Amino acid sequence: MKAAVYRAPGQVALGEWPMPAIGAGELLLKVRGCGLCGSDVVKIRSGRVAPPAVFGHEVVGDVVAVGGDAGGFAVGDRLVVAHHVPCFACHYCRRGSPSMCRSFKTVNLDPGGFAEYLRVPAPNVRHAAFKVPKTLSDEAASFTEPLACCLRAVKRAGVLGGDVAWVIGLGSVGCLFVQLLHRAGARVLGSDPLAARVALGQKFGAEAFQTLEALGERARELTDGRGVDLVLVTAGGASVLRPAASLVRDGGTIHCFAGGEGEELPLSLDALYHRELTLTATYSSSPAELAEAFELLARGRVQVDGLITHRLPLSRLAEGVALTVEREAVKVFVTGDPR
Ligand SMILES: [Zn+2]
Ligand SMILES: [Zn+2]
């Protein structure tokens, strides 16, 4: 079969990949499409994963083969599937860290969503596969996994009704956060250096600003000079942590949803302590949030229209990566069609 194969750091191109064979409790999907995630872009560019490999984990596809009893799914079902499933039983799982579970990342789609077909392993069939209703498009359904990660972040960040939150970065993830924070009862400010993304953030309901000065002024006005209760960092790396710390209120929280450039936190231990700041982070999601995210999308409670700006076939994945890096594309959707 055809797949967009990662061959070396920065190199991904259409090639041949062995057709996966399914076993008991597994499914074979013919991929309809797959969202390009920032983490795929990092994997393709950084050389962190040994080549050859096929990425893509925001997948929608049609069931074309079923291995025995596979969770009631049947040939012809249109599914959205996610890649990692925890064991539910280990020390990490029992303490609310399912994405740190040692088996979480060993469970994976085979080979990945940037291929014509993929095998859905049994744990994913049971815990990370959802039948997409007719009313939900492939593109909207593909947001299940990224939205689940955002849901988990909002829970971990401890948002309270009446909070003023600041979302840094108004790409697709930032716009999902704007909506989830509203649902949690927060007033949402957003910032992005790109004017088009400021407009996008506004469309999804944020009071959005292109400069930190303008945002800071509005934040102080809204909070009697205290600063925002929560900063959600979706982009910018360590460079945004200093402005985040200067605009978060005493006792507030900075939540890191993305890694990025910079090894050190530009934050003094003294400020962290005397200002009683909380620094939290979220990596990935769990089956509970996947189910919750799927419901929100299926019921139209979270909107994703306008977030996918580019649709490309498998053969043009490299172009999608470049468009994402240049911040030309908000979100790229790669269709299963190789041409
Ligand atoms: Zn992702
Ligand atoms: Zn576990």
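This is a predicted model: local features need pLDDT of at least 70, side-chain atom pairs count only at pLDDT 80 or more; totals for chains, interfaces and linings use all residues.

**A loop, a fold and a helix pair**

Start at P111, which sits in the loop between α2 (91-94) and β6 (117-120); helices here are DSSP runs of H or I with at least four residues, strands are runs of E with at least two, and both are numbered from the N terminus. Residues are numbered from 1 along each chain as its sequence is written, with chains lettered from A and ligands numbered from 1 in the order in which they are written.

There's another cis bond to look at, joining P51 and P52, with omega about -5°. P52 belongs to the loop between α1 (38-46) and β4 (58-66).

Now zoom out. The protein has 12 helices and 15 strands. Its radius of gyration, taken over C-alpha atoms, is 20 Å, close to the 20 Å from the globule rule for 339 residues, so the protein is as compact as a globular protein of that length. That rule is 2.2 Å times the number of residues to the power 0.38. The C-alpha trace spans about 60 × 40 × 40 Å along its principal axes.

How do α5 and α11 pack? Helix α5 (residues 144-157) meets helix α11 (residues 287-298) at an angle of about 115°, with the axes 8 Å apart; axes are lines fitted to C-alpha atoms over the stretch in contact, and angles run from 0 to 180 degrees between N-to-C directions. The two are therefore roughly perpendicular, a label for angles of 65 to 115 degrees (under 35 is roughly parallel, over 145 roughly antiparallel, the rest oblique).

Finally, two positive phi values outside glycine. E276, in the loop between α10 (269-274) and β13 (278-281), has phi near 45°. It counts as exposed because it has 10 C-beta neighbours inside 10 Å. R327 has phi of about 60° and lies in the loop between α12 (317-325) and β15 (331-335). With 15 C-beta neighbours inside 10 Å, R327 counts as partly exposed.

Definitions and conventions: A residue is buried if 20 or more other C-beta atoms lie within 10 Å of its own, exposed if 12 or fewer, and partly exposed in between; C-beta atoms are placed from the backbone.
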